[in-house]
Amino acid sequence: TCQYHWFNQGYRDFQDFTDTLTSKKRKQILKERREIKKTGIVIERLTGNEISALQWEVFYNFYCATFYKKWGEPRLTMEFFKLIGQALAENVLLILAKQDDEYIAGSFAMQDDQTLYGRHWGCSRQVPFLHFELCYYQTIEHTIKTGLNKLDAGVQGEHKLARGFKPVAMPSAHWIRETDFRKVIADYLERETTAMYEHIDMLSQHLPYKSN
């Protein structure tokens, strides 16, 4: 499949990153961030040890709301988030948005020594550009600040291209027990792989970076 990754080229800060973009894309990103500031929203970036039980509960409500709206029953539990915040505190990142002393949105990510993996998001109030701020711009800033090599934003969302993410081919491995079924799937995947790489090549022609 195709995922979208943002690569840290040794940037000093967020502006250093946006300076590598075309004028149109850079202005759009900066405009989106200004609009968030105008709303008076306060952003909090928290690691596992800094996250209170109440903040986990607030985020879990956002997480569940997104799942119920898009996919059905949430896959992770409240206990999971609290336990992982304790057991892997240094690997957990929670980003919360507060407006008028009330949390209105949040995103959750995890990191290893090289990559930040951003996955879950939710909100109780729709604010233009807030999703981009919490899921992309704040995570890019965190990646730069902590010296990580890349930000893995997962699948879906060609709008990520305009924000500096690049399409990356991500293979997976599966064992199919039934021989005949395995042959049918293999035939399909041979054609699908060709189409996927063609899709990635096409997307790569629309990156927002300045040409050398």
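Predicted model: local features only at pLDDT ≥ 70, side-chain atom pairs only at ≥ 80, totals over all residues.
Trainee: Is Asn 8 buried or exposed?

Mentor: Asn 8 sits in the loop between strand S1 (2–7) and helix H1 (14–18). Its relative accessibility is 15%, and buried means under 20%. Asn 8 therefore counts as buried.

Trainee: Which residue has its backbone oxygen 2.9 Å from a polar atom of the Asn 8 side chain?

Mentor: The side chain of Asn 8 also reaches a backbone nitrogen, that of Gly 10, at 3.1 Å. Among the residues that Asn 8 touches are Thr 143, Gly 147 and Leu 148. The backbone oxygen at 2.9 Å belongs to Leu 148.

Trainee: Where does H5 bend?

Mentor: Helix H5 covers residues 130–146 and reaches 22 Å from its first C-alpha to its last, close to the 24 Å expected. The bend in H5 is about 25°. It is located at Gln 138.

Trainee: Why is H5 described as largely enclosed by the rest of the structure?

Mentor: H5 has 17 residues. A residue counts as buried under 20% relative accessible area. H5 is largely enclosed because the number of its 17 residues that are buried is 13.

Trainee: Which residue of S6 is the bridge partner of His 5?

Mentor: S1 is mostly covered, with 5 of its 6 residues buried. S1 pairs antiparallel with strand S7 (residues 166–169) over 4 bridges, and there Gln 3 is partnered by Val 168. Another 4 bridges join S1 to strand S6 (residues 150–155), also antiparallel. In S6, the partner of His 5 is Asp 152.

Terms used: Residues numbered from 1 in each chain as written. Heavy atoms only, no water. Helix = DSSP H or I, 4+ residues; strand = E, 2+ residues; numbered from the N terminus. Buried < 20%, exposed > 50% of the residue type's maximum accessible area, 1.4 Å probe, protein only. Polar contact = N/O pair within 3.5 Å; in protein donor to acceptor, adjacent residues only side chain to side chain. Contact = heavy atoms within 4.5 Å. Expected span 1.5 Å × (residues − 1). Bend = angle between axes of the 7 residues up to and from the residue. Pairing = 2+ DSSP bridges. Lists of a residue's contacts leave out its neighbours within four places in sequence.
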